[in-house]
Amino acid sequence: MALRDRDACLSLADAVLSRIPDGSEGEVIVEEVDSALTRYALNAIHQNVAESGLRVRLRLLRDGRTGVADVRGAGEPGIERLVRDAEEARRLARARDDQPPLPDLAWAGLDGAGDGDGRAAWSDSTAQCTPEQRADAVAVVAAAAAARRLEAFGAMETTARQLAISNTRGVRRHARTSIARLTAVVRGADGAGYADRCASAVDSLDPAALAAEVVETASRNQRATAVDHGTYEVILSPYAVAEMLDYLAYMSFSALARQEGRSFVRPGEKMMSDSVTLRDDARDPLVLPFPFDWEGVTTRPVTFVDGGVCRDLVYDTPTALVDGVRSTGHALPMPNTHGPVATHLVMDPGESSRDAMIGDVQRGLYVTRFWYVREVHPLRTVITGMTREGTFLIEDGHIGRPVRDLRFTQSIVDALADVRAISRERSLEVPGEGSATLAPWLHLGHFHFSS
Amino acid sequence: MRDIAERVLDTAAAGHAAYADCRVVQRTVQTMAVKNGVVARVALSEDEGIGVRVLVDGAWGFAGSDRTDAASLDATVERALRIARASARVSGKPVRLSAVQPTVAEYSTPLRVDPFGVSLDRKVDLLLRADAGMARVPGITVRECSLEFVRERRYFASSEGARIDQTIVESGGGLDATATSADEVQTRSFPNSFGRHQLCAGWEAIEAMDLDGQAERIAAEAVALLSAEPCPEGVMTVILDGTQAALQVHESCGHPTELDRVLGAEAAYAGTSFLTPDMLGSFRYGSEQVTITADATREQGLGTFGWDDEGVPAQRTVLVDHGMFSGYMSSRETAAEFGWESSGTMRADGWSRIPLIRMTNVNLEPGESSLQEMIATTERGVYLETNRSWSIDDRRLNFQFGTQNGWLIEDGRRTRLVRNPIYSGITPEFWNSCDAVAGPDEWRMWGVVNCGKGEPGQSMHVGHGAAPCRFRNVRVESA
């Protein structure tokens, strides 16, 4: 179903603000989502869903106390209840002297008027995608699998989302974004492959190219045999690299993690290979740009690691006030105890290619995908997880036999301190709602597989 | 709610749906959190909407919306019908549903004290007292505690005649104390990790936790862990506390006995299962000590209800019977594949998502031992408390868990605290090495509030009854 227009969202936000008690400050977030997802298994669609909803959230501040309420559905009575609930929550909060204020125009990065929207990734084709179009994309993958007597599983998702933020200090912002994603696991009698594609515009996904990739991986990955666990030289595909980088950012690149002693980051210290540059850049057109955070503050580029040297962190308003700096525009809805988050992670490209990397390995492993990754020790950036749907032995510069899935337990920083090569080509991955990661292939000198 | 559901079903019938159901859901959530002495968040949330599921030409369509005026209801049904017709473009076998007696009934969570009747002031005061308890311990760098209360009214109506009105109430709370040094971060959580422990119960569940009474002890353990020795490594005996046993059951028995995973519905995302139907009744999953049930009738569990989200009555299914693999959690669609009846485990995360097979309360049934006896009869091993990390492969075989606390056991005595313990194994080998489960006195219902499954993702609240249990010859390491 079509999203409301910009004015309707901002008018709704302003209407809520007009009802808050006298002497209060307020921030209203209007978030509307229309999303559809077609899921398939065994070469057929088995779940096929759509949902639409609009959530209104009010943060109310007065006398050093903050209350929050949100409502989805319930129409006009819900809006009345929203203001009442936020005031009730505010009344119960305890007054604090260090209450972070709402952003004003300058703090939000808006020099003139408050209606600075900025660039976001949007495609009408995604917003208007029909269930028939989604089914037809699935049919391409299913047919390619069936032609090789394989079975396809996965999902085709199209989501349109908009965010409007208005506060009593004059900040008024609106942006809408779209995402299309096609994922596929193709299985044979004794093994499987994986591929995905993500884009803002559904018509740029190219299901046929995805189908070719996943069928090729699945066909190679049959009758895998075990290899000894231990430490291997590895080539990681962008699917695996993105997952690893997302965990690194989650554990380490937030100012709150640093302030609470949970982050390995020591600014100015060289901790990774020269070739490693990691950034968060919500303006980069390759990484689903979005202009502002959940406080309405403009999201600025942040370099986490520059040539292997640790640099900056992401900030929201509370963490910025603690360190005496400006917010970088990476806030979650306020108030929260999680702190800021990196949302648009970019690893700078190298000069190599997937095939050249493989050619440089005498004996190692090629990993298509990680699965069920969890942090083991955040300060040491140790994670564990499994390989899945395409792990291969590399021998004498060639991809060889498939190997059974392995469990890895590895420090990410330690792995990124031994980068042999980075590919020029990168792939967009979407780890969750509102975030995106641009990841290359990586050739790492060592990676520990524990079982 | 009733009128909304009737209009939806009438519209679906007019659109030639062979089957339709409608869930009208109203969810109210209160959350409050205190961090480092400051009331960091008091929030009230309301969420209302409908979810419509239709079968057309043997294929499913679903649409959810938060708009419930007449025109929007019709549009939502029309969307579900169109999606179902699109499903038929890439269809497999036509969907068949196992039979269920349509029910007209009501159910409410039994409560001693309605948590929504307890003042927010009293709740915030409890958190501030718990925070003060943690603050008394020097060396704690981050203190967090929180409460959550959920009331969800679900009205289910089907084209077969079911009309079921349920109100589910949950109460949860917990605290975390974190201590840091230059090279170490240690967090202790109480009563459970993942932020809180939660039950289908009233305020009485919060009082029973004794958050403010335990806060100082938990904080002291976090500080002690900073200077504790690393956990010894090797193959040894492991005793799990009830919370870790609950998560072990969740990951290595709960998920692999979901029949949709077995049939491939989750193959591209959550994964499949090593427990294939040919193993039913003949595969030795665990030792004689191991009996595991899925029981939606058990008091206070987060998976306790009257009927599931397909209108199937709550029931108890034995998944593992004295070690023998003996049952699955199923839906009407998956059960029909085998000529069975649904085991009543279809649950949806709110109005906007379809029901999926989800754990209800998956319980390790109590044994006859006790924690004291297990320790006393262990020559060398570790007693592991409160989950810290968890990972398992997509067939639910190869797992690795870490816990917050490890206690060394030497010559039948719990001796000293060790840090960063990890244990790993292969599911059936691990459960076959179980030689003791504590009895009913130490058995408790635990709540897991972050069980993820499905696309789009659904987060489910599930229950796990468990008691301390012992395993021999387990690989243990230090993180």
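This is a predicted model: local features need pLDDT of at least 70, side-chain atom pairs count only at pLDDT 80 or more; totals for chains, interfaces and linings use all residues.
Residues are numbered from 1 along each chain as written, and chains are lettered from A in the order written. Local features need pLDDT of at least 70, side-chain atom pairs count only at pLDDT 80 or more, and totals for chains, interfaces and linings use all residues.

**Exercise 1**

Work out how many residues of chain A are in contact with chain B, and which strand of chain A gives the most.

*Solution.* Start with the count: 70 residues of chain A touch 63 of chain B (contact means C-beta atoms, placed from the backbone, within 7 Å). Now look across at the partner: β2(A) pairs with β3(B), residues 59-65, in the parallel sense over 4 bridges (pairing takes at least two DSSP bridges). To finish, pick out A50(A), which sits opposite A63(B) in β3(B).

**Exercise 2**

Describe how helix α4 (residues 131-147) and helix α5 (residues 207-220) of chain A are arranged.

*Solution.* Take the axes first: they come within 9 Å and cross at roughly 30° (axes are lines fitted to C-alpha atoms over the stretch in contact, with angles from 0 to 180 degrees between N-to-C directions). So α4(A) is roughly parallel to α5(A) (the label for angles under 35 degrees). Then list who touches: α4(A) brings residues including V140(A) and A144(A), while α5(A) brings L210(A) and V215(A), among others.

Terms used: Two residues are in contact if their C-beta atoms, placed from the backbone, lie within 7 Å. Helices (H or I, at least four residues) and strands (E, at least two) are DSSP runs, numbered from the N terminus. Angles under 35 degrees count as roughly parallel, over 145 as roughly antiparallel, 65 to 115 as roughly perpendicular and the rest as oblique.
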